[in-house]
Amino acid sequence: MTEPVRLGIVGTGSISLRGLLPHLTMADVQDRVRVVALCDPVLDRAQAAAAKFGVPAAHPDLASMLDAGGLDAVSIATPIGLHYEQAVTAVEAGLHVHLNKTMTTTVAEANDLIARARDRGVKLVASPGELINPRLQRIKELVGSGALGRPTWAVTGATFGRYHEEEASARLGDDPLTNVNPAWYFRKPGGGPLYDMTVYGLHALTAVVGPARRVTALSGVRISEREFRGERLPTDMDDQTMIIVDFGDAFFAHVYGVAAGSLPDLGRPLIFGTEGTINGATLNGEVIDYPGRDVAETYGYTYALPHVVGDHRGMEEAHVFEDVMQLVDWITDDTPTVATAEHARHVIDIFESAYRSAATGQVQELTTTF
């Protein structure tokens, strides 16, 4: 393509309002991509977002946005349980698709979506594209070259806390752009800390050490009800999950997604070996050098990404913007990305198999790779 990619955004919740729209409507990317339409069942939110960010059209649902035409691609930024159905609809309409994390909730959904995209000749990019990050690329090289000796075990995970209830810019105001209710994060399907937060660390870990073979887990609901602005939000999706992931040859990882509490000094990734430890940005306590290290140290881990330049640095959700730009590059320049649907499917396999292990009390063999 020689013209800018015409992008529609599905969902105008927190991730769109704080990340996708601020980045993708900046002047410096308009020669590559233009957001031309939004949709959200809360139509006044979609309309207010369109007015704020200069987007030409707002629709109440994906069907009406597709009926209006004029799109090359969509970014799906809705609750995770809706991703599969909406992505299938977009793919069948012949559109390229970026899916915010997590791509789908099941391997069966992921398999079907990947097959449909292949058959329709459209491209899928799945967040989070952790291996795009130059620090993680360097860590992968270090582990592969034996810098840790023989890797022995690893840890990754995330904690819900009250992050979503207390997102001031998106949750605590009095207008459609600042009063987004977070209830879906605690409900089936697609809620819970694994799909929402642990997905980052597990993408990073598997990007470095490769695909896993099997899992065993314990899981359940620890906090059965949450409070948001005086409203009681029921929790029916597990908020406490502890997983042991087997990568083969007695190399294991502890992976968790929990309601509260966190491990101290937990880098992304944290990998132990016979000759040392990689913990985030350090190898045996020494800072790892990589292209863009100065940017990362100034702005944060996700700000050394290739498209995150100029005023994009310091803005929220830069990594999501990067993943969309990976799709834009793939469409316009035929430049493939490491943020693949196959990698996302493998992480989904680990999560889905963990829940199945917790329900059955049995170790689960994984069926995917990347």
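Visitor: Which residues is D112 in contact with, leaving aside its neighbours within four places in sequence?

Guide: D112 touches Y84 and V88. Keep in mind that this is a predicted model. D112 itself sits in helix α5, residues 107–120.

Visitor: What makes the link between the side chains of D112 and Y84 a polar contact?

Guide: The distance. The two side chains come to 2.6 Å. The cut-off for a pair of N or O atoms is 3.5 Å, with one able to donate a hydrogen and the other to accept it. The side-chain pair of D112 and Y84 is therefore counted as a polar contact.

Visitor: Why is D112 called partly exposed?

Guide: Its relative accessible area is 26%. Buried means under 20%, exposed over 50%. The value for D112 falls in between, so D112 is partly exposed.

Visitor: How far apart are the C-alpha atoms of D112 and A46?

Guide: They are separated by 29 Å. Along the chain, D112 and A46 are 66 residues apart.

Visitor: On to the rings. How many aromatic pairs does the structure hold?

Guide: Seven. One of them joins Y195 and Y355.

Visitor: Why is the pair of Y195 and Y355 called tilted?

Guide: The centres are 6.1 Å apart, with 50° between the planes. Pairing needs centres within 6.5 Å; stacked is under 30 degrees and edge-to-face over 60. Y195 belongs to helix α8 and Y355 to helix α11, 160 residues apart. Both Y195 and Y355 are buried. Together with F351, they form one aromatic cluster.

Visitor: What makes Y299 and Y303 a tilted pair?

Guide: Their ring centres lie 6.5 Å apart and their planes stand at 45°, so this pair is tilted too.

Visitor: Which residues have the most contacts inside the largest nonpolar core?

Guide: L136, I243, V245 and I271, in a core of 40 residues. Helix α8 gives the largest share, nine residues. Other elements that supply at least two residues include α6, β11 and α11.

Visitor: What does L136 touch, not counting residues up to four places away in sequence?

Guide: Among others, A204, A207, V208, P269 and Y301. Apart from this core lies another, of 35 residues, including L21, V35, A49 and I132.

Definitions and conventions:
Residues are numbered from 1 along each chain as its sequence is written. This is a predicted model: local features need pLDDT of at least 70, side-chain atom pairs count only at pLDDT 80 or more; totals for chains, interfaces and linings use all residues. Side-chain values use heavy atoms; hydrogens and water are left out. A nonpolar core is a set of buried Ala, Val, Leu, Ile, Met, Phe, Trp, Tyr and Cys residues joined through side-chain atoms within 4.5 Å. Buried means under 20% relative accessible area, exposed over 50%, partly exposed in between (1.4 Å probe, protein chains only). Helices (H or I, at least four residues) and strands (E, at least two) are DSSP runs, numbered from the N terminus. Contact means heavy atoms within 4.5 Å. Rings of Phe, Tyr and Trp (its six-membered ring) pair if their centres lie within 6.5 Å; planes under 30 degrees apart count as stacked, over 60 as edge-to-face and the rest as tilted.
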